[in-house]
Structures are given as C-alpha cells and as structure tokens.
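Hi everyone, thanks for making time. Let me put the model up, and then we can walk through it together.

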Amino acid sequence: MAETRGRLAGKNAIITGAAGGIGLETSILFANEGANVLMADISAPALENALAKVRQLVPAAKRVEVMLCDVSKEAQVQALVESVDSWGGVDVMFNNAGIMHALDADAVDTPESIWDLTQAINVKGVWYGCKHAVLSLRRHGKARASIVNTASVVGLVGSATPQLAYTASKGAVLALTRELAITHAREGFRFNSLCPAPLNTPLLQDWLGDDAAKRARREVHFPTGRFGEAVEQARAVVFLASDESSFVNGQDFVVDGGMTKAYVTPEGPRAPAPVNNALKDSLD
C-alpha cells in the first residue's frame, strides 16, 4: 500500500460539528492532508451529506467515518472518543460543535433556558471533548497531541449587539483552553482556541436572516468589507493540528481579517473571498 502523505498523515482526528461550516471544511482539509477523520454531529442526514462531500472531494482519503453525537451528553462524547481506540487512539481533537440561538439577547431578555442550553453545548461539550481526549491520549501512551477548541472573537471584544449566553460561553472556552494548555504541556498535549470573526456560515447567516441593518452593522467593522469564510478558519485548524505548530500552545488564535485590530475601516469595494470547498465539485 502506498504511504499516506500530507501534513496530518498518520493522525487520527475527531471533529465535532462536522456536518457544515468550519467543521465540514476542516474535515475536507484533514482528509486531504492524510488524516483519519471521524466526523460527528447531531443530524444523521446532514452527516451523511457531509461524508458524501468529503469522499467526493478527497476520493483517496485513507479513512473517513461519521458518528452521531450530542456533545452536551458526556456519555456520547466518551463513546465518540473511545470509538477511535481501534484506530490507535485520537491524536487531534477539534471541539467545534456549538450553537448561537436566535433568542439569545442581553442580561434582561435572554431566557434562562437558552442560557443553560448554550452553556451545555458550547462549554460543557468542549470540556467533555477535552476530558476524554486526555484520557484517550494517556490510555494510548501518546507523547504529543493537539486539541483545538472553537471560541470566538466575541470572547475578546465587547459588542453592543449582545448575544450574552454565546459570548459568555466563548469566554469560558478561552479560559478553559488556556488552563488545560498549561496543565498538560509537559505531557505534550497542546490546547489552542480558534477565534473566528463572524463568518459566512449557516450558524450566523441563519441568525442574521434577511435583516439588512443587522448584517450591515457587523460587516462595517471588517477592513475587507466582508465576513470570513469557513475554509479560512479550516486552514488555520490544519496548522494548529499539525506538527508545524509544535510550539504554539495556549493561544487565542484569532482569524478575523483584521477586525479586532481595526478602528476606522476602509471604503471601496469588498475584498474577494475564497470559495468554500464544500461548494466545489473538485479540489483541483
């Protein structure tokens, strides 16, 4: 059998929230870089569609499988991670699943049920993923690994268009990731937070809907004049997952097109955006 090549060759990777957006784009790139990939999400039809897309774009992928998982349920996350024991254990864990609920508002108007749901998925889900990744890494005697947790720039900067439960959850992810990075550094387990700016993903676009004013209020803060694309985040995750980032640990890895560094943004036409791989028929 020909040797698998790529920046992630030989690594076993688990991706949650893999059926769309950043998760699907990362699944495509991981498979293309030689990783064995386990894609997890809560929707079986969406997962099957995502799997078909990965196999279409990366027909030579070594191993790509799917598994249903509600990350707010620890038993399901444990089963997800332990399912790759037969592969040799996890090497890369991308805790990417999350929600941004339409009823999420400010301190006065956010329902307690929405607060609790958001924390359960966005924070406990990440904790469970990290916990069971560490247990797997120790079980298999791994000397190095990468865990990437999806946070957000809203954990770093404030917003007058509040989604308080979501913002609080992403701040928690940053703190959790930072502490785990230091705790497990001598074991060779790296933890980093991916901090995307608002993206052209179903999660945000469904939330914005056809509210032009709400959309424009966010776009104006981008120096490029546009939202980011999921593939731009996925490229960063490939770097963080690979051995190229061996001295990158505990970082709030911001991929935001300069948004958090901007004061007055430029005028003129928007900068062009890359096409997400999920919209293509081929990676060629």
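At what angle do helix α4 and helix α5 pack, and how far apart are their axes? First, a word on the source: this is a predicted model, where local features need pLDDT of at least 70, side-chain atom pairs count only at pLDDT 80 or more, and totals for chains, interfaces and linings use all residues. Residues are numbered from 1 along each chain as its sequence is written, and side-chain values use heavy atoms, without hydrogens and water.

So, back to the helices. Helix α4 (residues 112-139) packs against helix α5 (residues 164-183) at an angle of about 20 degrees, and the axes are 9 Å apart. Axes here are lines fitted to C-alpha atoms, for helices over the stretch in contact, and angles run from 0 to 180 degrees between N-to-C directions. Helices and strands are DSSP runs, numbered from the N terminus: H or I of at least four residues for helices, E of at least two for strands. That angle makes α4 roughly parallel to α5, a term for angles under 35 degrees.

Now the sheet. Seven strands form an open sheet in the order β3-β2-β1-β4-β5-β6-β7, paired in parallel; pairing takes at least two DSSP bridges between two strands. β3 (63-68) and β7 (252-255) are at the edges with a single partner strand each, so one side of each has no neighbour in the sheet. From one strand to the next, the twist averages 20 degrees. Further in, β4 (residues 92-95) and β5 (residues 145-150) pair over four bridges, and Met93 stands opposite Ile147 in β5.

How values were computed: Angles under 35 degrees count as roughly parallel, over 145 as roughly antiparallel, 65 to 115 as roughly perpendicular and the rest as oblique.
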